[in-house]
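Hello,

Here is the structure I promised to pass on. My notes follow below it.

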Amino acid sequence: MDSHESPRSRKQDLSPASGDPMPTVRIQRATLHPNVFRKRLLEIEGNPSPGDWVSVYSTEPESVLFAYGIYNPKAEVAVRIYSWNARFPDEGFWDEQLEDAIALRHQVLRIPEQTDAYRILHGEADGFPGVVVDRYGECLSAEAFSLGMYQRAEGILARLHHRLGTKHHLVAPSPQFVSQEGAILPEIRSDGCPDSITIHEHGVKYKIHFGTGHKTGFFCDQRHNRRTLADHSPGATVLDLCCYSGGFAIAAAKAGGAAEVTAVDLDEKALALAKKNAAINQVRVKLVHADAFAYMRDMLRNGKSYDIVVLDPPKLIRSRTELEEGQRKHFDLNRLAIQLVRRGGLLLTCSCAGLLSAEAFQSTVQSAARSGGYDEHGKRIPGRTVQVFENRGAAPDHPVALHCPETSYLKALWARVR
């Protein structure tokens, strides 16, 4: 067996067995952050295997049991903590965690009144480091970022099915699972799980195809921005760059009544799905198979401009080594997009790279606006003024845990361009 390969887990129980000896790891100081990196481990006792529960002790000022976590020696994040204050993570503990997560979405945010597609577990922010779960109608779609949560995902989903009345599920390892967790693991699907499903959001229908490699199948985190785009779209010309399955474009056409909508993406499969979404909503959207950079340059040469430009690229920064290059790509994309907005028009520009801070992203957009460009004759185009009137993160079903700032990842700037 390859060193990266791993059998599908035998560790299906969410809670450790009470009373059994548990391996121990020690770090210097107690922490409230759920991710403990391998370099912080001072001592490991009991020979834990990948995916085993461990008790976590601090050594200063004295040896104290302060948490329980799941261990993976092959991962840079060697321990993910799930329970603090030495509370044993038994069945009752997990019941409380799940019920708290559901209560936020159903009772506080009342999201089912708006849509049947929303995030039900947002990783660390809901006490489940290493996994996110989205609900799409009667299906639950989970993306696992850690071996321990992949191993226990079906147990979590079974508990959610019981509480939500959902019927099907799938579990997909994240695209970086092999490099980050040191294991090659298959997608898991419940018997009868459909390949696709149609969901509803603010009066718009979207067909979701599972197994596309894009998060859990749809971008629930942009729900509020799709609604805002619709509010601004009546009679407008709208350009949706990096459109994926057409979320923004369809919202502008169907819910917003835009006069003209153009959606651009390099992924042919995504555009095919966008075409289906336009059809089921009975709207016209011009779908363009092209690289966003090349398309924007062509439109600038043709003297084209739009009332609203949406720029929501895929994740451009996946590690710190990609930070500089990714920020440069954000600069280049925004420089071109800003030039395509008519004077007084609107720009929605986004970044889902958690490693790029909100301040750095805003600074990048400002630099891009100020830099200007050149027209088709090589004549200098002066820079533009960008007025940000709304600065958003992800939709509220993606809460931010203040003890884990990485749970705040999406940056979305609504701006007027002058």
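Of the 418 residues in the protein chain, 53% count as buried (under 20% relative accessible area; exposed is over 50%, partly exposed in between; 1.4 Å probe, protein chains only). This is a predicted model: local features need pLDDT of at least 70, side-chain atom pairs count only at pLDDT 80 or more, and totals for chains, interfaces and linings use all residues. Residues are numbered from 1 along each chain as its sequence is written, and side-chain values use heavy atoms, leaving out hydrogens and water.

The overall fold: the protein chain has nine helices and 22 strands (DSSP runs, numbered from the N terminus: helices are H or I, at least four residues; strands are E, at least two). Its C-alpha trace spans about 75 × 45 × 45 Å along the principal axes. Contacts (heavy atoms within 4.5 Å) were also counted. Among those with a separation of 6 or more, 63% join residues 24 or more positions apart.

Now helix α9, residues 358-371. The 14 residues should span 20 Å at 1.5 Å a residue, and the end C-alpha atoms are 20 Å apart, which agrees (expected span: 1.5 Å times one less than the number of residues). The buried residues of α9 are Phe-361, Thr-364, Val-365, Ala-368, Ala-369 and Ser-371. They cover an arc of only 165 degrees around the axis, so they lie on the same side of α9 (the arc uses directions from the helix axis to the C-beta atoms). The face turned away from that buried side carries exposed Glu-359 and Arg-370. Gly-372 follows α9, with a positive phi near 65 degrees.

Best wishes
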